[in-house]
Amino acid sequence: MHVVVLGAGVVGITTAYYLTEHGHTVTVVDRADDFASGASGGNGGQLSYSFTDAVASPALLSKLPWLVGGGDSAFRVRPPISDLPVCWGWAFLQQCTAQHSSENTLAVLEMALRSSALMTELQTKVALKFSFRQAGKLVLLNSYAEIQAAKKSCAVKRQHGSDVRVVTLEQAIDIEPVLTYIQTSAAAAIYSKSDSVGDANSFTSQLGKWLAAQHAVDIRLNTAVHRIILATVNFIPSKLTMEPSAQMQWLYAWAPGAKKSSSPCVSRQTSIRYVAIA
Ligand SMILES: Cc1cc2nc3c(=O)[nH]c(=O)nc-3n(C[C@H](O)[C@H](O)[C@H](O)COP(=O)(O)OP(=O)(O)OC[C@H]3O[C@@H](n4cnc5c(N)ncnc54)[C@H](O)[C@@H]3O)c2cc1C
């Protein structure tokens with residue numbers, strides 16, 4: 001199948017990598033003039049496989065008025081609020097129960113541990129230099145309540161394959177001696193030895209270039225997608241190599257000036273028209 005991936009960030013490029021591994025033909029489009037021009041180009045570089053705690057939790061509910069009121073700079077609600085954020089917000093609030101929070105944390109942990117294994121495997125197949133290092137990660141804990149909650153959460157995560165644990169401040173200083181010079185009220189820390197760091201910008205652009213060179217992935221930069229139409233169309237057996245009873249969902253996307261095609265199977269030269277999700 002020919003799949004069009006929207007976005008040449010770390011998610012788009014790794015998606016392209018696994019699609020090619022499964023034998024698909026891939027085109028990647030991005031409006032920017034280089035790889036990793038969005039969040040993938042400027043992030044913290046942490047591969048935090050153990051810190052998977054769900055944001056939606058009972059603790060967050062009590063902080064909500066403070067957050068919506070602008071108390072945390074990382075969280076912003078901008079008017080006008082359309083239907084989409086309202087629906088999303090309602091779904092998010094429904095996940096703020098203790099049970100959902102715990103289920104979501106473990107679901108993300110499972111995905112994180114799988115990601116960790118895939119990262120190791122990918123590096124055996126593609127030689128990438130992106131300052132990858134298994135540096136470990138420490139998160140300081142300031143209150144008795146935080147320490148108790150962390151002990152509980154770490155115990156559950158360890159049962160599910162994570163190496164995360166609570167250490168005393170003295171143990172944390174042994175792990176990272178620079179803490180000696182930092183004034184802190186912390187009495188303990190969460191520590192995961194397997195957490196890593198890496199430069200997402202280098203990773204993304206090297207993998208993108210490797211895909212273009214080794215797997216003929218068609219990378220189209222400077223190509224903006226202005227509209228996406230989601231439609232379900234009946235499968236046409238003579239034109240596609242899928243099971244006759246299958247249906248495909250097509251995401252129609254096009255660049256400025258492109259004419260709409262009558263057939264979802266036809267791709268025009270200058271713009272990306274169709275994204276198929278089987
Ligand atoms: C400040 C900060 C720190 C972070 N720290 C960490 C961290 O330490 N560890 C971690 O794991 N994660 C971190 N993250 C999150 C992480 O960076 C993102 O989850 C990740 O980069 C998302 O990758 P992406 O490919 O989905 O998005 P992006 O990298 O944003 O890529 C999206 C791409 O889509 C393109 N695009 C968008 N719209 C269109 C359009 N209409 N037409 C064509 N192209 C389009 C954009 O140009 C962009 O290149 C951090 C994020 C931020 C903002």
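## Exercises on a predicted model

The axes of helix H1 and helix H7 (residues 200-215) approach within 9 Å and cross at roughly 35 degrees.

**Exercise 1. Describe the packing of H1 against H7: what is the handedness of the crossing, which residues make the contact, and how do they divide by class?**

Step 1. Two packed helices are described by the angle between their axes and the distance between the axes. For H1 and H7 these are roughly 35 degrees and within 9 Å, and H1 passes H7 in a left-handed crossing.

Step 2. On the H1 side the contact is made by Val-10, Ile-13, Thr-14, Ala-16, Tyr-17 and Thr-20, while H7 contributes Ala-200, Phe-203, Thr-204, Leu-207, Gly-208, Leu-211 and His-215.

Step 3. Sorted by class, the contact of H1 with H7 holds 8 nonpolar and 5 polar residues, and no charged residues.

**Exercise 2. Work out the sheet that contains E1, E2 and E8: in what order do the strands stand, and why is one side of E1 and of E8 left without a neighbour?**

Step 1. The 3 strands form an open sheet with parallel pairing, in the order E1-E2-E8. Strand E1 (2-6) and strand E8 (218-220) stand at the edges with a single partner strand each, and therefore one side of each has no neighbour in the sheet. From one strand to the next, the twist averages 15 degrees.

Step 2. Between E1 and E2, which run parallel, there are 5 bridges; His-2 has Thr-25 of E2 as its bridge partner, and Leu-6 stands opposite Val-29 in E2. The chain passes from E1 through H1 to E2, and this β-α-β crossover is right-handed.

Step 3. Strand E2 (residues 25-29) is joined to E8 by 3 bridges, again with the two strands running parallel. Here Thr-27 is partnered by Asp-218 of E8, and Val-29 by Arg-220 of E8.

Step 4. To place the helix on this sheet, note that H1 (residues 10-21) lies across E1 and E2 and runs at about 170 degrees to E2.

**Exercise 3. Work out the sheet that contains E4, E5 and E6: in what order do the strands stand, and which helix lies across them?**

Step 1. These 3 strands form an open sheet in the order E4-E6-E5, and the pairing is antiparallel. Its edge strands are strand E4 (137-141) and strand E5 (165-168), each of which pairs on one side only. On average, neighbouring strands of this sheet are turned by 35 degrees against each other, with direction ignored.

Step 2. E5 pairs with strand E6 (residues 188-192) in the antiparallel sense over 4 bridges, and within this pairing the bridge partner of Val-166 is Ile-190 of E6.

Step 3. Helix H5 (residues 144-159) lies across E4, E5 and E6, and runs at about 140 degrees to E5.

**Exercise 4. Characterise the surroundings of the ligand: how many residues surround the ligand, which element gives the most to this shell, and how does the shell divide by class?**

Step 1. The ligand is surrounded by 22 residues, of which the closest are Gly-7, Gly-9, Gly-38, Ser-40 and Gly-44.

Step 2. The element that gives the most to the shell is H1, with 3 residues. H1 is also the helix that passes H7 in a left-handed crossing and that lies across E1 and E2.

Step 3. By class, the shell around the ligand consists of 10 nonpolar, 10 polar and 2 charged residues.

Methods:
Residues numbered from 1 in each chain as written. Predicted model: local features only at pLDDT ≥ 70, side-chain atom pairs only at ≥ 80, totals over all residues. Pairing = 2+ DSSP bridges. Axes fitted to C-alpha atoms, helices over the stretch in contact; angles between N-to-C directions. Contact = placed C-beta atoms within 7 Å. Near = placed C-beta within 6 Å. Nonpolar A, V, L, I, M, F, W, Y, C, P; charged D, E, K, R; others polar. Right-handed = clockwise from strand over helix to strand, strands pointing away. Left-handed = near helix turned anticlockwise from the far one by under 90°.
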